[in-house]
Amino acid sequence: MHRLYRRLIELEHEVTVVTVFTEDQKHFAGALRDDGFTVLEHTRPRSRFRETCSALARKPSLFRDALHRSIKELISAVFWVDLKPLVLDELAQGEFDVVVVESSFAAFWRDEIDTELPVVLVTHEIESVHLLAKAARIQGVGGFIRYLNAARVRRSEQEWSVRFDAVVVVSRDEERLLESIVGTGRLSRTYVVGNGADVGPIDQIPADPDKHRVLFTGTMAYPPNAVGAEWLAREVWPLVLSEEPDASLAIVGSMPSRATRALAALPGVSMHADVPDMDPYFADASVCTLPMLEGGGTRLKLADAFAASRAVVSTTNGATGLECRNGHELLIADSPEDFARAIVRLLRDSEQRARLGRNGRALVERLYDWDKLGVELATCLQEVVAGSKTTPIRVVVSDAYA
């Protein structure tokens, strides 16, 4: 999000972000201002219990919301108690052209954004499909609870997406999926703006051919990443070591749980949490992996690996949303045995690694460069406000991520 909206500023548009930070995240507000953003923030208390109680005291209807909203919606409803007055005051005082709500689980905010301006929803994945599929795989009470949450997400997608002047999705697959859920012709308009990568000089750094290093990276607080890390380390990696005993696996990501950190105790596996810079890890990797078994949207980690000219092994799920082809930009495998076989194959074949890396890099340069995607987002928003392609617009972004 930062990369896309920073590009809007570079194109001489004005962007105001309304969001929440924890105490240890407040320095990000200063970094955003340094990049030209106007930032209106609310600082979350350290105690989530206190935050929730405070929100309930000021908005008792949250008790009722708990009966029909999904878990993520309830979290964003607590945020909204403090964000709503900031958003409405800014809209009342400023002259803006369009309002953007980031994330589908904040879509219900639309009902309380009192404005005549066009309001756009940006989705990062169509969650209900994956949540319903996961609930179906789990037996007993746990599966039933997950099904209730997934059904609430589905109902929210159907109810709220149609209330926006436009919806931005991350891929054509997601666009078709959303239309199938809400009904053809019910959405006002949709745009596709994909996830991307910075196309920087890291592709000039070749991996050491004598070191068989494998990388998996992602935000480990995101459950599909944690599930993928577990599968890769426990089911796939022993098969790799049986063929390549000197190989090493680095799992790199922010906010890992205790269970994810424990994977570092396995042979040949290391865990690197909350690193300040990913470039050294991509530069060191012979092969990057996307062992994604669930989740949707498109994978930033895949675009990053392509931008770094690294060979990639992915599951089918991990490669969804990007216009990549098995055997051309990456290798796709879905069973532990096939996934391990693909990793070993690439570790032993430097020419194939280089070819996949070149093709992945070319794909990112053509379709997934953040600079190009930022221009696409600017064009979408200008069309929504019926402006010309050269007219600067003033955007309010209300952000549910924290």
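Predicted model: local features only at pLDDT ≥ 70, side-chain atom pairs only at ≥ 80, totals over all residues.
A residue is taken as buried when its relative accessible area is under 20%, as exposed when that area is over 50%, and as partly exposed in between. Glutamate 41, at 26% relative accessibility, therefore counts as partly exposed.

Glutamate 41 forms a salt bridge with arginine 33, in which the closest N and O atoms are 2.9 Å apart. Arginine 33 is likewise classed as partly exposed, because its relative accessibility of 39% falls between the two limits. This pair is one of the 27 salt bridges that the structure holds.

Another of these contacts joins the side chains of arginine 3 and aspartate 371, with an N to O distance of 2.9 Å. The pair links distant parts of the chain, since arginine 3 belongs to helix α1 (residues 2-10) and aspartate 371 to helix α15 (residues 370-384), and the two residues are 368 residues apart. Arginine 3 has a relative accessible area of 12% and is therefore buried, whereas aspartate 371, at 28% relative accessibility, counts as partly exposed. The contact between them belongs to a network of salt bridges in which Arg3, Asp198 and Asp371 are linked.

A further salt bridge is found between the side chains of glutamate 159 and arginine 163, at 3.2 Å from N to O. Glutamate 159 is partly exposed at 35% relative accessibility, and arginine 163 is also partly exposed, with a relative accessible area of 37%. Arginine 163 takes part in a contact with an aromatic ring as well, for its charged end sits over the ring of tryptophan 160, 4.2 Å from the ring centre. An arrangement of this kind is also formed by arginine 69, whose charged end sits over the ring of phenylalanine 108 and lies 4.2 Å from the centre of that ring.

Contacts between aromatic rings were examined next. A pair of aromatic rings is described by the distance of the centres and the angle of the planes. The structure holds 2 aromatic pairs. In one of them, tryptophan 80 and tryptophan 109 are stacked, with 4.4 Å from centre to centre and 15° between the planes. This pair links distant parts of the chain, as tryptophan 80 lies in helix α5 (residues 71-93) and tryptophan 109 in the loop between β3 (98-102) and β4 (119-122), 29 residues apart. Tryptophan 80 counts as buried because its relative accessibility is 1%, under the limit of 20%, and tryptophan 109, at 0%, is buried too.

The pair formed by tryptophan 231 and phenylalanine 339 has ring centres 5.3 Å apart and planes at 80°, and it is therefore edge-to-face. Because tryptophan 231 lies in helix α9 (residues 223-243) and phenylalanine 339 in helix α13 (residues 336-348), the pair ties together parts that are 108 residues apart in sequence. Tryptophan 231 is buried, with a relative accessible area of 8%, and phenylalanine 339 counts as buried at 0% relative accessibility.

Strand β3 was then considered together with its partners. Since 5 of the 5 residues of β3 are buried, the strand is largely enclosed by the rest of the structure. Val98, Val100 and Glu102 point one way from β3, while Val99 and Val101 point the other way, and all of these residues are buried. With strand β13 (residues 394-399), β3 pairs in the parallel sense over 5 bridges, and within β13 the residue that stands opposite glutamate 102 is aspartate 399. The pairing of β3 with β4 is also in the parallel sense, over 4 bridges, and here valine 101 has leucine 121 of β4 as its bridge partner.

A contrasting setting is provided by the surface of helix α7, which spans residues 140-160 and contains isoleucine 145. Isoleucine 145 has a relative accessible area of 51% and is classed as exposed, because this value is over 50%.

Key:
Residues numbered from 1 in each chain as written. Heavy atoms only, no water. Buried < 20%, exposed > 50% of the residue type's maximum accessible area, 1.4 Å probe, protein only. Phe/Tyr/Trp six-rings, centres within 6.5 Å; stacked < 30°, edge-to-face > 60°. Lys NZ or Arg CZ within 6 Å of the ring centre and 35° of its normal. Pairing = 2+ DSSP bridges. Salt bridge = Lys/Arg side-chain N within 4 Å of Asp/Glu carboxyl O.
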